[in-house]
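The sequence and the structure are shown first, and the description follows.

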Amino acid sequence: MKTVFCAYDDLDCVGGPNTWLRRLLPELQKAGVAVHALLLTPCPGRGATSVALRSTGIPCTEFAFRTCPFTQQRLQRILSFVVHLKPDIFVPNLVIPAYYLNSWFRQAGIATVGVMHSDDPFYWALIEEFVNGPLGHRLSGLVCVSEYLRSVVVRLAPKDIKIAKIPCGAPVPNCHNSEPTNGLRLVYVGRLEQEQKRILDLTRSFCRAAREIPGTEAVIYGEGRARAEVEWLLATEGKGLPVSLQGRID
């Protein structure tokens, strides 16, 4: 079985969906699945995802998406690569032009599987168009990364679309860090969002840890819609505590 995963890539493309690809594809290859990455990038051969995947033996096909700025052009370019690669399964992932190829892939016997990485408006728009939308646009299947997302989508989706939950988790190492000898430093790096990241709960927890455990300090790195609320919490519950907001890291 051959599966092609489509994604965007760049020099510093280290977000969740691309980190997931870097972990998942080598594991699928070990399990006997022939995998291939089709990457849209401004820097072919130098993107963080392609460099990481090639280092583990995963074949990658790349093209500079700036040479085809319109959706129709990217759609045609992706289709030409997929025709050449001849997969059994195609995963469009976050690449919208790739989703619009579903009707051609169905006719060619290629299954298309979408991935719902989060419950942001972007993903609900994908559900509206490619799960509940016109028949020609519909996916063969959809992977949701949580039981909550799966349970909501199952109620909305037509019965002929297969819906599965596959958590998008991080590996847990077998070893433990040694106990700190001169204070505990806590760091959060991510979006400042309450619904997806529980950032307000985390901020309160950082303040409580710094208040109740001597020698503890905490730093929050990130940007998002809940920034003002995080700043308010730090100015009230975190006043005088070694807990700070340092902003976005590119």
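Predicted model: local features only at pLDDT ≥ 70, side-chain atom pairs only at ≥ 80, totals over all residues.

**The seven-stranded sheet**

Strands β6 and β7 belong to an open sheet of seven strands, paired in parallel in the order β3-β2-β1-β4-β5-β6-β7. Because β3 and β7 (162-165) are the edge strands, each with a single partner strand, one side of each has no neighbour in the sheet. On average, and with direction ignored, neighbouring strands of this sheet are turned by 20 degrees against each other. Helix α1 (residues 16-30) packs on the sheet and touches β1, β2 (34-41) and β5 (111-116). Helix α7 (residues 147-156) lies across β5, β6 and β7.

**The three-stranded sheet**

A further open sheet has three strands in the order β8-β9-β10, again with parallel pairing. Its edges are formed by β8 (184-189) and β10 (243-247); each has a single partner strand, so one side of each is left without a neighbour in the sheet. The twist from one strand to the next averages 20 degrees. Six bridges pair β8 with strand β9 (residues 216-221) in the parallel sense, and L184 has T216 of β9 as its bridge partner. Helix α9 lies across β8, β9 and β10, while α10 packs on the sheet and touches β9 and β10.

| α1 | β1 | about 165 degrees |

**Packing of α9 against α10**

Helix α9 (residues 199-212) and helix α10 (residues 227-236) pack at an angle of about 20 degrees, and their axes are 10 Å apart. Because of this angle, α9 is roughly parallel to α10. The crossing of α9 past α10 is right-handed. On α9 the contact involves I199, L200, T203, R204 and C207, and on α10 it involves E229, V230, L233 and L234. Of the contact residues, six are nonpolar, one is polar and two are charged.

**Aromatic pairs**

The model contains seven aromatic pairs. In the pair of Y8 and F65, the ring centres are 6.0 Å apart and the planes stand at 85 degrees, so the pair is edge-to-face. This pair links distant parts of the chain, 57 residues apart: Y8 lies in strand β1 (residues 2-8), and F65 in the loop between β3 (60-64) and α3 (71-85).

Conventions
Residues numbered from 1 in each chain as written. Heavy atoms only, no water. Axes fitted to C-alpha atoms, helices over the stretch in contact; angles between N-to-C directions. Helix = DSSP H or I, 4+ residues; strand = E, 2+ residues; numbered from the N terminus. Parallel < 35°, antiparallel > 145°, perpendicular 65-115°, else oblique. Left-handed = near helix turned anticlockwise from the far one by under 90°. Contact = heavy atoms within 4.5 Å. Nonpolar A, V, L, I, M, F, W, Y, C, P; charged D, E, K, R; others polar. Pairing = 2+ DSSP bridges. Phe/Tyr/Trp six-rings, centres within 6.5 Å; stacked < 30°, edge-to-face > 60°.
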